[in-house]
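Please look over the model shown below.

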Amino acid sequence: MDLTPRHTVQPAVASVAQANEAIRALVDSRAGQDWSATESATYEVLLIEWAAATRPDGSDIIEAA
């Protein structure tokens with residue numbers, strides 16, 4: 001009996017690359033400066049999106065508040 005999964009979900013490379021670029025752009029734009037509460041919240045959301053994009057099975061995804 002073959003128990004190999006027929007359909008495996010792989011992270012979307014474009015989504016990972018887009019999340020990486022968005023994080024990099026935000027961090028680079030604020031280098032050496034204090035972050036506002038909005039910028040900190042944006043960074044947190046981008047990290048959550050990156051984490052979701054890199055999960056192979058979509059498990060343990062945290063919903064942003």
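The report starts with confidence and overall make-up, then turns to single residues.

## Basis and confidence

This is a predicted model: local features need pLDDT of at least 70, side-chain atom pairs count only at pLDDT 80 or more, and totals for chains, interfaces and linings use all residues. Residues are numbered from 1 along each chain as its sequence is written, and side-chain values use heavy atoms, with hydrogens and water left out.

The average pLDDT (the predictor's confidence in each residue, from 0 to 100) is 74 for the protein. A score of at least 70 is reached by 65% of the residues. Residues 4-12 have pLDDT below 50. Beyond near neighbours in sequence, this stretch makes nine contacts in the model (contact means heavy atoms within 4.5 Å).

## Overall make-up

The protein has two helices and zero strands. Both terms refer to DSSP runs, numbered from the N terminus: helices are H or I with at least four residues, strands are E with at least two. Among contacts with a separation of 6 or more, 53% join residues 24 or more positions apart.

The protein has 65 residues, and 12% of them count as buried. Buried means under 20% relative accessible area, exposed means over 50%, and partly exposed lies in between (1.4 Å probe, protein chains only). The protein exposes about 5,200 Å². Carbon and sulfur atoms supply 57% of that area. Accessible areas come from the Shrake-Rupley method with a 1.4 Å probe; for residues, only the protein chains shown count as cover.

## Helix H2

Glu39, Leu46 and Ala53 are buried in H2. They cover an arc of only 45° around the axis, so they sit on the same side of H2. The arc is that of the directions from the helix axis to the C-beta atoms. Ala37 and Glu44 are exposed on the other side of H2. Thr42 is also in H2. Thr42 is partly exposed, at 35% relative accessibility.

## Salt bridges

Side chains of opposite charge can pair when their charged atoms come close. Here a salt bridge is a side-chain nitrogen of Lys or Arg within 4 Å of a carboxyl oxygen of Asp or Glu. The count by this rule is two.

One joins Glu21 and Arg24, at 3.6 Å from N to O. Both residues lie in helix H1 (residues 13-29), three residues apart, about one turn of the helix. Glu21 is partly exposed at 45% relative accessible area. Arg24 is partly exposed at 46%. Arg30 and Glu39 form a salt bridge too, with their closest N and O atoms 3.1 Å apart. Arg30 and Glu39 are both buried.

## Distances across the chain

Ala19 lies in H1. Its relative accessible area is 8%, so Ala19 is buried.

Thr42 and Leu26 are 16 residues apart along the chain. Their C-alpha atoms are separated by 8.7 Å.
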